[in-house]
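Here is a short report for a reader meeting this structure for the first time. Look over the chain, then read on.

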Amino acid sequence: MSDLSPLGRAALWYARRGWPVVPLHHLCADGCCTCHRGAACRSAGKHPRIHGWQAITQPDLEQVRGWWRRWPSAGIGVALGGGHVVLDVDPRHGGDEMLAGLERQHGELSLTPTVLTGGGGVHFHFAAPAETPTVTIVLGLELKAAGAQVVLPPSRSAAGAYRWDVGAHVADVPLAPLPEWLLALAWQRRRSGAQPLPQRIIEGERNRWLASLAGTLRWRGCTESEIIGCLSVLNASRCGPPLDERELARIARSISRYIPARPSHDATSVPMSGGRHIIRRDVRDAV
């Protein structure tokens with residue numbers, strides 16, 4: 001490894017742990033990205049410099065060495081999926097407050113490898129089912145899985161350097177399982193944000209569409225009785241023939257078991273405090 005740059009040695013260290021690392025564009029001396037967009041790049045230092053990185057599921061040590069011999073200043077990214085996901089918290093869009101509210105409802109996140117990003121955010125690395133979707137839970141809170149990648153320390157973006165949080169370095173802490181409530185919210189959000197409701201819902205499609213609509217309503221905080229009311233109106237106006245009222249009640253009752261994704265006013269207004277989720281400055285440097 002003596003012929004590799006510090007970034008190259010760090011990339012190889014991650015690869016030896018089984019993480020499928022990818023080289024990222026980096027910042028030039030003038031602060032511009034090395035991609036063809038240069039100063040106009042909105043993801044300077046954060047996006048891959050190779051094509052087809054989404055298909056990388058296992059690290060190839062010789063390939064990793066070759067990449068960083070060719071681009072010694074390249075940042076380090078990890079292709080997610082295959083059981084490795086990241087909860088991306090962006091406080092600039094209220095993600096920290098939203099997470100604090102959700103934790104008040106469901107309990108705090110387990111200790112897991114945690115990166116403090118250059119822009120002041122947090123990346124929580126978790127183990128999750130391979131089919132876990134990449135989805136925006138709410139503005140400022142995104143679950144990244146297959147088809148996504150995140151930056152690893154000691155890389156640097158235009159916003160600053162990435163660091164492992166103290167006590168949450170991947171060398172010291174294993175990936176915790178993604179909380180079941182967070183996985184449920186991700187799937188609920190994926191289902192609720194899919195397609196517009198058809199003008200006419202035919203037999204055989206009624207349950208699927210009305211359950212999807214019920215999920216959207218529950219996501220936005222509607223009660224069981226409110227969900228039944230909305231489903232009844234659309235069942236009468238768009239379903240041919242309409243579903244039985246007892247089936248509508250069953251759908252609403254089933255969906256209402258989920259806790260709404262958006263917490264109450266009181267919960268969301270409480271900022272992170274007193275715990276490891278504060279954006280801390282006492283961080284461990286690169287690998």
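Which residues have the most contacts inside the largest nonpolar core? They are Y14, V21, V64, W68 and I76, in a core of 31 residues. A nonpolar core is a set of buried Ala, Val, Leu, Ile, Met, Phe, Trp, Tyr and Cys residues joined through side-chain atoms within 4.5 Å. Buried means under 20% relative accessible area, exposed means over 50%, and partly exposed is in between (1.4 Å probe, protein chains only).

This is a predicted model: local features need pLDDT of at least 70, side-chain atom pairs count only at pLDDT 80 or more, and totals for chains, interfaces and linings use all residues. Residues are numbered from 1 along each chain as its sequence is written, and side-chain values use heavy atoms, with hydrogens and water left out.

## The chain as a whole

The chain has eight helices and 15 strands. Both are DSSP runs numbered from the N terminus: helices are H or I with at least four residues, strands are E with at least two. Of the 287 residues, 49% count as buried. The accessible surface comes to about 13900 Å², and carbon and sulfur atoms hold 51% of it. These areas come from the Shrake-Rupley method with a 1.4 Å probe; for residues, only the protein chains shown count as cover.

Contact means heavy atoms within 4.5 Å. Take the contacts in the chain with a separation of 6 or more: 76% of them join residues 24 or more positions apart.

The elements that give two or more residues to it are α1, β1 (21-24), α2, β2 (75-79) and β8 (149-152). Helix α1 gives the most, with six residues.

Leaving out residues up to four places away in sequence, W68 touches L4, S5, L7, G8, A11, V21, V22, P23, A74, G75 and I76. A second, separate core has 26 residues, including V85, L116, V135 and L183.

## Salt bridges

Side chains of opposite charge can pair when their charged atoms come close. A salt bridge here is a side-chain nitrogen of Lys or Arg within 4 Å of a carboxyl oxygen of Asp or Glu. By this rule there are six salt bridges. The table shows three of them, including D3 with R69.

| Pair | N to O distance |
|---|---|
| D3 and R69 | 2.6 Å |
| R65 and E62 | 2.5 Å |
| E247 and R250 | 2.8 Å |

What does the D3 and R69 pair tie together? D3 lies in the segment before α1 (6-16) and R69 in helix α2 (residues 61-70), so the pair ties together parts that are 66 residues apart in sequence. D3 is partly exposed at 47% relative accessibility. R69 is partly exposed too, at 44%.

R65 and E62 sit three residues apart in helix α2, separated by about one helical turn. R65 is buried, with a relative accessible area of 16%. E62 is exposed, at 52%.

E247 and R250 both belong to helix α7 (residues 245-255). They too are three residues apart, about one turn of the helix. R250 is partly exposed, at 38% relative accessibility.

How many disulfides does the structure hold? It holds zero. A disulfide is a pair of cysteine sulfur atoms within 2.5 Å. The sulfur of C222 has its closest cysteine sulfur in C230, 5.8 Å away, so the two are too far apart for a bond. C222 is buried at 17% relative accessibility, whereas C230 is partly exposed at 34%.

Is D90 buried or exposed? D90 counts as buried, at 16% relative accessibility. Its place is in the loop between β3 (84-89) and α3 (95-106). A polar contact of 3.0 Å joins the side chains of D90 and H93. Such a contact is a pair of N or O atoms within 3.5 Å; within protein, one must be able to donate a hydrogen and the other to accept it, and residues adjacent in sequence count only if both atoms are side-chain atoms. Beyond its neighbours within four places in sequence, D90 is in contact with G95, D96 and G140.

S157 lies in strand β9 (residues 156-157). S157 is buried, with a relative accessible area of 4%. Not counting residues up to four places away in sequence, S157 touches L27, A44, G45, K46 and Y162.
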